[in-house]
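Subject: Structure handover

Hello,

Here is the structure I promised to pass on. Please open it first, then read the notes below.

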Amino acid sequence: MRLHRLEVTAFGPFAGRVEVDLDELSASGLFLLSGATGAGKTSVLDAICFALYGDVPGDRAAAKRLRSDHAPAGVAPRVVLEVTLAGRRFRISRSPAWERPKKRGTGTTTEQASVVLAERRGGEWVTLTTRLDEAGHQVAGLLGMTLGQFTQVAMLPQGRFQAFLRARAEERKELLQRLFRTERFADVERWLRERRLELRRRSEALGQRVADVVSRVSEATETPLPEDWDLTDLAAPAEEAALTGWADALSDALQGEHVAACTLAGEAVAAETAARAALEDARGLVERQRRHAAALAERQELDAEADELAEAGARVEAARRAAAVVPLERVADRARAAEVAARAAAPADADLETARAGAAMVAEAVAQARALLPQGRRLAEVDAQLAGRTEMLTAVQEVVAELAEAEESAPARRELLHTRAEEARDAAGRLPQLRQRADAYALVETLSVELETARQALVEAQRAALDLRSAALDVRAARLESMAAELAGALAVGASCPVCGSAEHPHRARPVPGAPDAAAERAAQKAADDASAVEHLRDVEVRELVTRLELARDQAGPPEKRPALLAELEATAALARGRDRAVAELEAFDAGREKDARRLAAARTEFADHQATIHHLEQEAEQLRAAVEEALASVPAEESVDTIEELVALREAEAAHRRDAVARIEALERATTARGEAEGTALAAAQEAGFPDVDAALAAELSAEEIATLTARQRHHERRAAVVTAILAEPGAETLATTPAPDLVALEGAHAEALAAMSTAQSAVATGATRLARLAELRQELDQALAAWAPLRAELTLVSRLASFAEGKSADNRLQMSLSAYVVAYRLTQVVAAANERLAVMSDRRYQLEHSAGRGAGDRRGGLALHVRDDWSGETRDPATLSGGETFVVSLALALGLADVIGHESGGAMLETLFVDEGFGSLDADTLDDVMDVLDGLRDGGRVVGIVSHVAELRDRIPTQLLVTKSRTGSTLALR
């Protein structure tokens, strides 16, 4: 991986757009990323990580605030990175999610994260994807590592070295698992634990199933379990064999009992059959004797009723003949009554022909009256239309007068509105220029105050910087004077003097009280550097304010013209505010004027139309009124008719009276003819039925109920006689009266005893069969439950041993280490070996890292403990006992070793760019030289190393620098 160009906009502390040519920066192989505290040095690395992975490392990712707070509201945050991955040139452009102002209205809306991944092909950029997930997969696949691994390999993070060195075993294990992606071994441990719990639950469930089946066997056979059995623990094979043997013994015993019960049941069935046959024979004999005695008694009753039933038959036959005459006589009665009613309703002296002639004459008069109805209705309609048209004519005349008056005054009104609209338009056009000049006057005042404040701050910053630089020179001079004492303090027993080379030190120099050391000198120099940076920022701020003030004065003009400008601005703004209203009034007036012109023309046309229509209606009304008056004049005065409708009603009433009289006379003639025909038909029917006249036939009439009753008595008598004859003619009937009756009570008692014995025996057989069938089902279920339980118990035993071994709790695990810890410990051994190669150089071969399989302080398990061996003393120390500088050196070596191992783990991906973030301020000059030698060695093979630090000595040692400068409006980047 090699970085070529980085572009950052509105990201982190960078409010505007900054761009870095990383190819130029990396040309020397070693560069320094420098700047004041909080300027944004680490944010440059965050931008690179965000471009590659869409996220930033460490705790900063949880804040979810990647957009710059200094950037203008509408500027989108964006990071563009050009990078070579696996020999291919890519350009990655990413934007995080951010809140942008709404395009309409107030408030903000969320803009989602976006990405564009493009590749350089044939001199052009070809877009590969714009999806976040696809871009992430492609970049991670080309790099061969996750974000966590990348920050450990390519960006050794600020403050993370010591945390890993001094971490407890569990914390170190979690980190190494994420970096080396060994979570699968922890997943194996977890799977074994979960599998063991699952198998145990399933085994307990199957064991309970076996116990339930055994309990049901005991309940079904009503046999208690042996006292020494435990149904909750049947895992042993011997116990399984005893259990199946007990079930087989119960089955044999129940089979024998069932055979004996079947034999007893057969004997009881035979006895019940014989008793039932004897009882049924006795009951049959008693029933025949009862039927024979009843038949003899009933034959006597039938003989006594024979004469009465013969007389009833004759009456029924006469009634049936009279039934044909009775309906005809009833028809004759109704015809006689209809004739009487018709005679009473008809006129006394009316003649049918005379009545019909009068009705025809009146009908003709009705038709003549109805012919005049349309003319009467039309006359009423014409009168109504004349009244309506007259009212409309008056209203239209008023509208014409009003619109004509408005048309005369319209030109003067439009001229006034047009003048107002033009004045408002001119004011709106001049308003922006006037406002711009007024704002320039206000900006001149503001910038003048800010410039005065900035100049005072510059003077103070210059004075402070001068004082601090003098103080730093004084501290350096004082340290040089006491350098002999400082060198003497660093001498160790048996070590050679760096000045004279002697191994003996009889008279060491003593430090002067209050003499500064290297730390004091660095602190003084740092304070002087920070003051110089502040002085530079203040100077830049003054120059910017001077330039802005000059531009504002040129735009505003002479100060004495400001009052006149403000007055003109106020007046112009007032006119401009009424522009839209004036234009709208003019447009509305023009539209209304055209509309009024159209209305006036239409009203005049409507007025002429109403006049013509009224003239025609008056002529038609005069003609219709003359025709109606002529028709009414022909009606006699005593009839008092005023309208055509009243005349029609009078004639129709007279015609209805005449038609009613004709209908009544016709009805009387029809009734007389119908009465004669009905009487003749009834007499002929009576004589045909064998009666002398109609009255004789009516005397023989019987009701339908009487006929049905007499007929039913005859048929019932015949059926009883047939039954009695059949019973007395049965075989052996002559001897039934002399045969003695059997003892039914004794026979019924014997049968009841036999039936009860049979039921008891059959119930015993059914109970035995049910028990045998149930026992067979339970025996099969018991075999199935035992067969399902056996392999599960074997698997549970195996999984329990494996889980215990993988967790480090088994006696077979001599190291008492879990599987995941063992794998991580192997990786940690590789990391320690790689770290010691660099630690030997950086510590002058004094320190070595050691990996221990034992437990460290505060650790619950062993395998991941780290110690530091001091070859000068020969002792092994806890990392917590190291000084600040020693801790940094050891931690840096450990981080570089971790980076090497992770690089090999990820497939040996070549990382040509490496960043080391902070920590150099705790090193002395010699150690710093050793560390720099190691970092210089990383450049072998074209590797680029970037150091992130604000240490002054590094600015002197590393000529190629990327300076991060902070200000109130955001940070900027510059190559030096």
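A definition to begin with: rings of Phe, Tyr and Trp (its six-membered ring) pair if their centres lie within 6.5 Å; planes under 30 degrees apart count as stacked, over 60 as edge-to-face and the rest as tilted. Next, the ground rules. This is a predicted model, in which local features need pLDDT of at least 70 and side-chain atom pairs count only at pLDDT 80 or more, while totals for chains, interfaces and linings use all residues. Residues are numbered from 1 along each chain as its sequence is written, and side-chain values use heavy atoms, with hydrogens and water left out.

The aromatic pair

How many aromatic pairs turn up in a search of the whole structure? The search finds 1. The ring centres of F11 and F50 are 5.6 Å apart and the planes stand at 40 degrees, so the pair is tilted. F11 lies in strand β1 (residues 2–11) and F50 in helix α2 (residues 41–53), so the pair ties together parts that are 39 residues apart in sequence. Helices (H or I, at least four residues) and strands (E, at least two) are DSSP runs, numbered from the N terminus.

Are F11 and F50 buried or exposed? Both are buried. Buried means under 20% relative accessible area, exposed means over 50%, and partly exposed is in between (1.4 Å probe, protein chains only).

A10 also lies in strand β1. A10 has a positive phi of about 55 degrees, although it is not a glycine. Most residues other than glycine have a negative phi. A10 counts as buried, at 0% relative accessibility.

The six-stranded sheet

An open sheet is formed by 6 strands, in the order β2-β1-β4-β5-β8-β9, with antiparallel pairing. Two strands pair if DSSP finds at least two bridges between them. At the edges stand β2 (14–21) and β9 (124–129), each with a single partner strand, so one side of each has no neighbour in the sheet. On average, neighbouring strands of this sheet are turned by 20 degrees against each other, direction ignored. Axes are lines fitted to C-alpha atoms, for helices over the stretch in contact, and angles run from 0 to 180 degrees between N-to-C directions.

Now strand by strand. β1 and strand β4 (residues 78–85) run antiparallel and are joined by 7 bridges. L3 stands opposite V83 in β4. L6 stands opposite L81 in β4. Strand β4 is mostly covered, with 7 of its 8 residues buried.

β4 is also joined to strand β5 (residues 88–95) by 7 bridges, again antiparallel. V79 has R94 in β5 as its bridge partner. The hairpin of β4 and β5 has 2 residues between the strands, and A86 there takes a positive phi near 55 degrees.

Strand β8 (residues 114–121) runs antiparallel to β9, and 5 bridges join them. The bridge partner of R120 is W125 in β9. β8 and β9 form a hairpin with 2 residues between them, and G122 in the turn has a positive phi of about 60 degrees.

The three-stranded sheet

Another open sheet has 3 strands in the order β11-β12-β13, with antiparallel pairing. Its edge strands, β11 (847–852) and β13 (875–877), each pair on one side only. Neighbouring strands here are turned by 35 degrees against each other on average, direction ignored. Strand β12 (residues 865–870) and β13 pair in the antiparallel sense over 3 bridges. V868 stands opposite R877 in β13.

The helices

Helix α13 (residues 373–481) and helix α15 (residues 518–556) pack at an angle of about 160 degrees, with their axes 7 Å apart. α13 and α15 are therefore roughly antiparallel to each other. Angles under 35 degrees count as roughly parallel, over 145 as roughly antiparallel, 65 to 115 as roughly perpendicular and the rest as oblique.

The residues of the contact of α13 with α15 divide into 28 nonpolar, 6 polar and 13 charged. Here Ala, Val, Leu, Ile, Met, Phe, Trp, Tyr, Cys and Pro count as nonpolar, Asp, Glu, Lys and Arg as charged, and the others, Gly among them, as polar.

A387 is partly exposed, with a relative accessible area of 43%. A387 and I614 are 227 residues apart in sequence and 9.1 Å apart in space, C-alpha to C-alpha.

Best wishes
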